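Hi,

Here's the structure I said I'd pass along.

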Amino acid sequence: MPMSHKVMKQKIKRRLKGKVGKAKQDELQKILQELPNYRSGPYADLRKSLNAEVQQQQQRLKVQHKDTLAVEKEGHFQMALVGAPNAGKSALLKALSRRQVKVANYAFTTLKPIPARVDCGGVWIQLVEIPGLIVGAAEGRGGGQALLSAAANADGLIVAHDLTTDLQQLDIVLTELSRTKLPEPSFIVYTKMDTPNAESRLSAAQTRYPNFKSVAVSAEGNLHLDTLKAAMRAATGLIRVFPRSTQAGKPDDKPMIIPANSTVEDFARKIHKDIAQKLKHAKIWGKSVKFPGQQVGKRHVLSDMDIVTLYAR
Ligand SMILES: Nc1nc2c(ncn2[C@@H]2O[C@H](COP(=O)(O)OP(=O)(O)O)[C@@H](O)[C@H]2O)c(=O)[nH]1
Ligand SMILES: [Mg+2]
């Protein structure tokens, strides 16, 4: 004779109490197996609600699993950095930010994506090192799928290649990437330019991959890191525009960061929507105009580093 469903409900509640994640999921399965299998009535209802709970729980586990490797976005742009183990990714993060990153001469020093904040001339890029992208990642080998999802979550992608290693390394990484749904890398960063023969190895790589933009740097030798930052900023598709409240005043020292090809009106909207509504025209100092202080209309397209004074009704 089965116990009353009310008593059963209490018992189930007690069994699930304090359990989360996988433990809760396992307990739910056990309970379901033990539950009398009536097609209708209170026991059937109970089974239905437990099944719903199992499904919800499964969904939650899936999301948690996916989220553990995706890095929460900070700054103006998130850029994933992929490459073979030992390519010098961590060294780059360290050199570009003030973050203490573990750099070591063995593969898989880094197991989880690691973010670092890089100031690219006022555009803050969150550079995320995706550790050890290896052959078979697209099929999920070596936790590859979860790592790829962290890269997929980013706004952009760059590839690092170590000039002291065989070019085949780069072939492997690029082939692997092409088998995923990730976008084309914005550019290739060739690392360890301070090492012997780096120059000739660089030209060999550039000859093999002429269609990729590239930057060659040394993190440890502190070579061309500013060029790299400029390339990173260019890859964001964001520009820096400095508001100046009056024509005679000083421009703000902090730029507004807006998408390239933004108009004066877009810029105004970003400052305040009232200003955008009452906007008459603007005066501009910078590359988007022919002479300093030129007056332009709302539809005028701004350039990186423009200084703008808005005039409203
Ligand atoms: N000569 C030289 N060695 C570097 C440079 N950057 C990294 N390395 C070395 O390469 C190895 C792997 O570096 P790491 O940044 O941990 O590679 P990751 O696996 O891609 O993160 C370490 O031994 C570093 O010291 C560099 O610019 N020049
Ligand atoms: Mg690393």
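**Around leucine 167**

Skipping neighbours within four places in sequence, leucine 167 is in contact with Ala204, Ala205 and Arg208 (contact means C-beta atoms, placed from the backbone, within 7 Å). Leucine 167 and alanine 205 sit 38 residues apart in sequence, yet 6.7 Å apart in space, C-alpha to C-alpha. Leucine 167 belongs to helix H6 (residues 167-178); helices are DSSP runs of H or I with at least four residues, strands are E runs of at least two, and both are numbered from the N terminus. Leucine 167 counts as partly exposed because 15 other C-beta atoms lie within 10 Å (20 or more would be buried, 12 or fewer exposed, with C-beta atoms placed from the backbone).

A word on provenance: this is a predicted model, where local features need pLDDT of at least 70 and side-chain atom pairs count only at pLDDT 80 or more, while totals for chains, interfaces and linings use all residues. Residues are numbered from 1 along each chain as its sequence is written, with chains lettered from A and ligands numbered from 1 in the order in which they are written.

**The rest of the chain**

The chain has 10 helices and 11 strands, and 28% of its 313 residues count as buried. Among contacts between residues at least 6 apart in sequence, 61% join residues at least 24 apart.

Just after H1 (residues 5-16), glycine 18 takes a positive phi of about 80°.

Methionine 79 touches Ile125, Leu127 and Met232, among others, not counting residues up to four places away in sequence.

Cheers

Definitions and conventions. Expected span 1.5 Å × (residues − 1). Contact = placed C-beta atoms within 7 Å.
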